[in-house]
Amino acid sequence: MWNQFNKVNLAFTNRIAETADAKNKIQVHLAKTLQEIFQTEMTIESIKKAIRDKCAFLKVAQTRLDERTRRPNIELCRDMAQLRLVNEVYEVDDTIQTLQRRLREAEDTLQALVHTKATLEHDLAVKANSLYIDQEKCMGMRKSFPNTLRLVGFC
């Protein structure tokens, strides 16, 4: 009886240690995920700022091109200045499209990280509850070996 009592206590202690180790690993992973979320949010803000800056530059380039095509008393021509303005508008527009694609990818990544964070928080709560049950409730009852009278059946 003593041997079985000790074996069960040892198994319980090992299980508690494994659960505590798993909980610590989840906490480390959660901390890394939170750091990645922060970095992704900063990246999103910088991409949004870059898009705003490029949009202002695009408006200027489009206005310059529009003014060049509406000059009074001057014939329209496709000289080097005109071609450079058209090329500049296309390049800036292409850059904005690339930034918007990167923004969508960053937002998708952020959503995945938030989902991972929620999953990790749930797993952490489950591990904490398991540790509470094992350490406080189960091991609390098993701290003392039943006395001889209870084993014999008198109590």
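Which side chain does Lys25 meet in a salt bridge? The partner is Asp21, with 3.6 Å from N to O. Keep in mind that you're looking at a predicted model. A search of the whole structure turns up 7 salt bridges and 0 disulfides.

- Lys25 is exposed, because its relative accessible area of 55% is over the 50% mark.
- Asp21 has a relative accessible area of 39%, so this residue counts as partly exposed.
- As for the general idea, side chains of opposite charge can pair when their charged atoms come close.

**Glu88 and Arg64: a pair between two helices**

- Glu88 and Arg64 make another salt bridge, and their closest N and O atoms are 3.7 Å apart.
- This one ties together distant parts of the chain: Glu88 belongs to helix α2 (residues 80–141), while Arg64 belongs to helix α1.
- The two residues are 24 residues apart.
- Is Glu88 buried or exposed? Glu88 counts as buried, because its relative accessibility is 19% and the cut-off for buried is under 20%.
- Arg64, on the other hand, is partly exposed, with a relative accessible area of 44%.
- What else does Glu88 touch, once you set aside its neighbours within four places in sequence? Glu88 is in contact with Phe57 and Ala61, as well as with Arg64.

**Arg70 and Asp66: one more salt bridge**

- Arg70 pairs up with Asp66, and here the closest N and O atoms are 3.2 Å apart.
- Arg70 is exposed, at 60% relative accessibility.
- Asp66 comes in at 30% relative accessibility, so Asp66 counts as partly exposed.

**Cysteines**

- Cys55 has a relative accessibility of 28%, so it counts as partly exposed.
- Cys138 is partly exposed too, with a relative accessible area of 24%.

Note on methods
Residues are numbered from 1 along each chain as its sequence is written. This is a predicted model: local features need pLDDT of at least 70, side-chain atom pairs count only at pLDDT 80 or more; totals for chains, interfaces and linings use all residues. Side-chain values use heavy atoms; hydrogens and water are left out. A disulfide is a pair of cysteine sulfur atoms within 2.5 Å. Buried means under 20% relative accessible area, exposed over 50%, partly exposed in between (1.4 Å probe, protein chains only). A salt bridge is a side-chain nitrogen of Lys or Arg within 4 Å of a carboxyl oxygen of Asp or Glu. Helices (H or I, at least four residues) and strands (E, at least two) are DSSP runs, numbered from the N terminus. Contact means heavy atoms within 4.5 Å.
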